[in-house]
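Reader: I would like to learn how to read a model of this kind. Please take me through it one feature at a time.

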Amino acid sequence: MSAPSSAPSAPAENAATEHDFLVPDAGQRPPGPTPSQSRFQVDLVAEAAGASDDKSPSSDASATATEGPSTDPGVGSEEAKGRFRVVNFADPSGAGSPASPEAAPAEGLQNGDTVMSETSLHSSTGGQHHYHYDTHTNTYYLRTFGHNTIDAVPNIDFYRQTAAPLGEKLIRPTLSELHDELDKEPFEDGFANGDELTPAEEAAAKEAAESKGVVKFGWIKGVLVRCMLNIWGVMLFIRMSWIVGQAGIALSCLIVAMATVVTTITGLSTSAIATNGFVRGGGAYYLISRSLGPEFGGSIGLIFAFANAVAVAMYVVGFAETVVELLNGVDAIMTDETNDIRIIGTITVILLLGISVAGMEWEAKAQIFLLIVLITAIINYFIGTFISVKSKESAGFFGYDGSIMWENMGPDFRGETFFSVFAIFFPAATGILAGANISGDLADPQLAIPRGTLLAIVITGIVYLGVAVSTGSCIVRDASGNMNDTVSSQFMMNCTDAACKFGYDFSTCKGEKPGCRYGLQNDFQVMSLVSGFGPIITAGIFSATLSSALASLVSAPKVFQALCKDNIYPGLQMFAKGYGKNNEPLRGYILTFGIALAFILIAELNTIAPIISNFFLASYALINFSVFHASLANSPGWRPSFKYYNMWVSLAGAILCCVVMFVINWAAALLTNVIVLGLYIYVSYKKPDVNWGSSTQALTYHQALTHTLHLSGVEDHIKNFRPQCLVMTGYPTSRPALLDLVHSFTKNVGLMICGHIRTGYRRPNFKDLATDQSRYQRWLLKNETKAFYTPVFAEDLRQGSQYLLQAAGLGRLKPNTLVMGFKNDWRDGDMMNVETYISMIHDAFDFQFGSVILRLKEGLDVSHIQGQDELLSSQEKTPGMKDVIVSIDTSKDSDADSSKPSSKATSLQNSPAIQKDDDDDGKATTQPLLKKDKKSPTVPLNVSDQRLLEASQQFQKKQGKGTVDVWWLFDDGGLTLLIPYLLTNKKRWKDCKIRVFIGGKINRIDHDRRAMATLLSKFRIDFSDITVLGDINTKPKKEHVAAFEEMIEPYRLKEDDMEQEAAERLKNSEPWRITDNELELYRAKTNRQIRLNELLKEHSSTANLIVISLPLARKGAVSSALYMAWLEALSKDLPPTLLVRGNHQSVLTFYS
C-alpha cells in the first residue's frame, strides 16, 4: 500500500486504521457554532488507500474534488500533518478534499443528500469543546477552551475498546501528533498497550454497529424475575415440607440460612466483578475468564454451559413426573410411568425450544407470566395455612398452634442426616446467576446484576424461611388420614403428641409398619393439601419447573456462544455465530436441546442432579475466588463501583462452596474437580492468544516485584552464582548459533538478555524500537527461548554496549557476563570497528563482568540469507537506519540491508511480517516471521552460505557422544569450568564428556594431574580425562610465526622508519596500530597463542566444543590490532570455540 502522490502528508499505513476507527459519528455531537464561527478545522485525512472500502458518497466526492491553486493563503499553511490536518477555515459552504491538501475549497456542497449535524459538549469548568461534523467531507472543526488546537479534552469515546453503541470508536491525537516537529511524519498509529481488540471484541464492534432495535432488559425483567424463578424451583412445593419433617424447624432454618450465606457471598462477589468494567454476554464464563484468565474461564465456561443444558432436562423431568402423577390419579397413563415421562418431557422441551428460538422478547414474556402463577401459588399456600378445615385434620393439618410448633422444633431424622437433607435442599438455592448469564441482553449490566441478584436472594430466602416456619407450625409429622383415629377420653392421659390436643391419636404411625401416608414426613404434596385452592399449587409446580427449564435453556447457549467467540477451544468456533438483530445463538440452542433430550430419555435424574449442583458450585467457588484473587493482586485496574464486598469474605465463600460440594456428594465433587483440572491443563497447554488483563497476570507481576525486591536485600553467595548473560545478538533471529548455545546453559539456570545496539544516521525512531521490542520478545517466547530482548539506540557501538552493561537488568537480576560473537571479518573493514570491538571487551572487565566470545569458523550472522528470516528483509528496515550488530563475522555482516533504499510504503510498520491481520487480532504477528514468504523467489544458496546455515543450527540438535574440551589455562574464578558443567547437564549435551587440559611442567605432570583431579572432585564436577600440557612453552613452528607476522604486517606502525612526530600523529589518528616496541615486549605472549593453536589442533580437532581461557591484554599497553591478532591466531581453524574469562571472583566452591 503506498501513499497517493496527491497526499504526501499522510502515511499510507494509517489509512486503513483511520478509515475503520476514525469515521466520526453523525449522531453524537450536540449543536455548536456554525462553520463560519469556527476559525480552524481539523480534517480527518481519508486516504485513497482506505477509500476503496468507503461505501459513503464522500469517497466519490473526495476523489473528484476540485484541484487547483489555493485562493486562501490559510488553506495552504498546514499546522500539522498526519491523521489530523489543521488548516485555517475559509469557506463555510465547502471544504478541501481530504485526499488533497492543496485542493481549493469546493464551490459549494454539491450533493443534495449531505447531512450536517452540529453539537457541543460543555465541560464542568465552563469551557466548551465544539464539534462540527460534516458527513460529506469527514471533517471535524474543533475549538477547545477558545484555543485552536488538536489537543482533545477528556471524552468517553477515547476509552472505548470497540464501536460505541451509537457510533464509532474515536482515537485521541497521539503524543507524536502533538509533540513531534511539524516537518516530521508522525509515528504510525497503533493501539495503546492493552487496547488491541480480541476477536470477541471485534465481533462486539460489529454487533454494536447493528444494534438498532435490539431488545435490552432492565434489572427487574432481566435479572430479578429470572433469578427468583430459577431459585424457587420445584423444591419449594414438594420437598420443603419434608425437610421440615426430617430436620425440624430450627435446623431447617439453619439449612436455608447456610445455603443463603453461600449464595449471598457469591452474589456480592458477582456484583463486584460485574461492576468492575463493562460486562458483555457470557455471564459466569465472562466474569470468571476476564478476572482469572482463559484457563479457569475456559474450563468453567464449558462445564457451566453443560450443567445448564442438563438442568433443562432435570427441570423438565420434574414437570413430567408431576403430570404423570396427575394422569395416574385419573387412570390416564399412556404406556407405563417411565415412558410417559419421556414422551411428556420430549414434547415439553420442544415447546420450550420454540419459545426460546422465537427470541428473547417472547422468552421474557413467558417468564413474567410464569412468575405471576408462581407468586399466586405461594400466596395461595400462605392464605390456606390460616384456614383450618375439619376435613384436613385427619391428614395432619390443624392450623397454627404453639404445641405443634414446639413438637416440630427439633429434628426427627429417619434414614437421613443433617448433611444429606442439606444436599437435597441446596439445589433449590442455586440459580443466582440466571440474570448474569444473559448479561449481553441487559441494558445496564453494572446496575442490573447487583441489584436484581441480591434482591432475588433476599426475597427467595425470606419465602423459604416463611414456608419452613409455617409448615412446621401447623402440620404434624405423621397422620394416618383416617377420620376414625380419634382419642377416647380414657386414653387422653397417655397421649402426648400435639395431635392429641385436637382429639386425634396418630401413634399407630410410629410403629414398624409404614402405614401412614400423611403428615410432613410422609406426604410430599402436603402444601397442596394446606393451600386455599389445591390446583393452584399444581400450577405453581408447573410454573417453577418450566420457568427454571426455560432460564437454563436460554443461559446455556448464551454462555456457550461467548466461550466459542473467544476461540479458546478451536473446534467449537462454529457455535459462535449468532442470528438476527439479537445475535441469537441458534446453533447453541440446537446443541442444548440435543443434550437435554438425551438426559430426558434417561427419565431418572437422581444420579445426575448432584453433578449439576457440583458444577454450579464450582463456578460459584471460582467467582468468589476471582474477587479474592483480584483484591490480593492489588491491580490498579480492580476498582469495582460496588463496594460492599470483602476479599476475605469472598475467600471464605469459595472455601464454603468447595465444602458444600463434598457434603452434597463427594464422588460427584471429585469428578467435577478432575474435569475442571483436565480442562484447565488443556487450555494452559494450548495457550490461547488472548490478553484480558486478568488478575492472574496482575498477581504474577505483584509476586515478581516482591521477590525481586526481596532478592535485592540479600547478598550474593558463591553457591548461588549463576551466569547471567548479556548476549550481543543484534536481532535475536540473526545469530541462531549464539542464541542457542547460550540458551543451552542459561535455560532455567540464569538470566539471558539479548542486547541489540542500533545506531542511525538520523534521529532515532523510538516508536520503532518499542514495536521491535515487543515483536522480538514474542518471537523468543514462540521459540521457547527463555530470554529478554533489549534494544538500545546509541551514537556508536561502544556507547550502546556501555548503556547495556550499566543499565540492563533489575536488582539482582542483572547480567554478570558479556557474551559476543567473534569478529571474523576484522581484517576486511574499517579498523576503527576493531578498536570499538576490543574496547567493548575492556569495558566489560571494567564493569567487573566476565567475558565470553564464541567463534565458529563458518561465521554467525545469517541475516543476509534470503528466506532464512523475513524479519531482516530490506523492506523491514527503517530508512537511514544502520543496525550495528555486535558479533560481526563476515563481510556480509554489519549492514547488509541498511544501504538499500526503502520507501515509506515498505517501511517497518507496513512490512508483511507485522501487517495487522483482521482475523487474528494483530496478536499472531509473530507467525509470519516463522514462515517463508510464498511469493518471494527462492535464490539457491552458494556453498559458503549453505555451510553457514548448517553451522548456525548445529546447537539445536542433540550432540551425541562427543567431548567438551576445557582448556583451563588460567584461574578466572571458575567460570571457564562452570559453563561446560552447566552445558553437559542439559539433555542435548548430556552424552558429551568433559576433558580438562591444563598447563604444567614436564617434570611435574603427574603431580599437576592429581592436584587438578582432587580439585574437580571437590567441586563435584565429572570429567573423563585430564591432560597436562608439558610442552606448552615450546616455540611454535616457524611457518606459523611467519604467517602471524604476515597477518599483522598491514597494521604495524613501524615507528622506527619515520620521524617521531609523524609516528605520534599516526598513532593518535589510528590508535589500533601495533608499535615495534609493543610487538617486541609481548613476543612471548604472541608465541604462546600460536603454540596453543597448534596444541588445540593436535588434541581437540574432533571436540564438539572447545572452552578455553580468553587471553587478557592490559588496557592502554596492547593495541587492539595485536589483541585481535592474538584471538585470531589462538582460535583459527578449530571446532566451535568459546573463549571464556570470568571476573576473577570465585564462582565455584567446595564448602557446603
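Reader: In which strand is confidence lowest, and where is confidence highest?

Author: Confidence here is pLDDT, the predictor's own score for each residue, from 0 to 100. Helices (H or I, at least four residues) and strands (E, at least two) are DSSP runs, numbered from the N terminus. In this protein, strand β3 (residues 116-122) has the lowest confidence, with a mean of 36, and β10 has the highest, at 93. Over residues 1-141 the pLDDT is below 50, although this stretch has 282 contacts in the model beyond near neighbours in sequence. The pLDDT is also below 50 over residues 869-937, a stretch with 166 such contacts. A contact means heavy atoms within 4.5 Å. Where pLDDT is low, the predicted coordinates should not be read in detail.

Reader: What is the mean pLDDT of the protein?

Author: The mean is 75, and 75% of the residues reach 70 or more. The model is predicted, so local features need pLDDT of at least 70 and side-chain atom pairs count only at pLDDT 80 or more, while totals for chains, interfaces and linings use all residues. Residues are numbered from 1 along each chain as its sequence is written, and side-chain values use heavy atoms, with hydrogens and water left out.

Reader: How many helices and strands are there, and what share of the residues is buried?

Author: There are 36 helices and 17 strands. Buried means under 20% relative accessible area, exposed over 50%, and partly exposed in between (1.4 Å probe, protein chains only). By that rule, 54% of the 1152 residues are buried. Accessible areas come from the Shrake-Rupley method with a 1.4 Å probe, and for residues only the protein chains shown count as cover. The accessible surface of the protein is about 50500 Å², and carbon and sulfur atoms own 57% of that. Among contacts with a separation of 6 or more, 80% are between residues 24 or more positions apart.

Reader: Which residues form a nonpolar patch on the surface?

Author: Patches are made of residues with over 30% relative accessible area and no salt bridge; like charges are joined within 9 Å, nonpolar side chains (Val, Leu, Ile, Met, Phe, Trp, Tyr) within 5 Å. Here the patch consists of Ile 375, Ile 379, Ile 383, Phe 386, Ile 387, Val 389 and Tyr 400, with about 630 Å² of accessible area together. Phe 386 sits in the loop between α13 (360-385) and α14 (390-393). With a relative accessible area of 63%, Phe 386 is exposed.

Reader: How many salt bridges does a search of the whole structure find?

Author: A salt bridge is a side-chain nitrogen of Lys or Arg within 4 Å of a carboxyl oxygen of Asp or Glu. The search finds 24. One of them pairs Asp 716 with Arg 812, with 3.4 Å between the closest N and O atoms. Asp 716 is in the loop between α24 (695-712) and β7 (725-728) and Arg 812 in the loop between α27 (797-807) and β10 (817-821), so the pair ties together parts that are 96 residues apart in sequence. Asp 716 is exposed at 64% relative accessibility, whereas Arg 812 is partly exposed at 23%.

Reader: Where does Arg 1083 lie, and where is Glu 1045?

Author: These two side chains meet in a salt bridge (2.7 Å, N to O). Arg 1083 is in helix α35 (residues 1083-1099) and Glu 1045 in helix α32 (residues 1038-1048), 38 residues apart. Both are partly exposed: Arg 1083 has a relative accessible area of 24%, and Glu 1045 has 21%.

Reader: Is Asp 1076 buried or exposed?

Author: Asp 1076 is buried, at 17% relative accessibility. Asp 1076 forms a salt bridge with Arg 1052, the closest N and O atoms being 3.1 Å apart.

Reader: Which residue has its backbone nitrogen 2.9 Å from a polar atom of the Gln 246 side chain?

Author: That residue is Arg 414. Gln 246 is in helix α9 (residues 240-274) and is buried at 3% relative accessibility. Leaving out residues up to four places away in sequence, Gln 246 touches Pro 411, Asp 412, Phe 413, Arg 414, Glu 416, Val 421 and Gln 521.

How values were computed:
A polar contact is a pair of N or O atoms within 3.5 Å; within protein, one must be able to donate a hydrogen and the other to accept it, and residues adjacent in sequence count only if both atoms are side-chain atoms.
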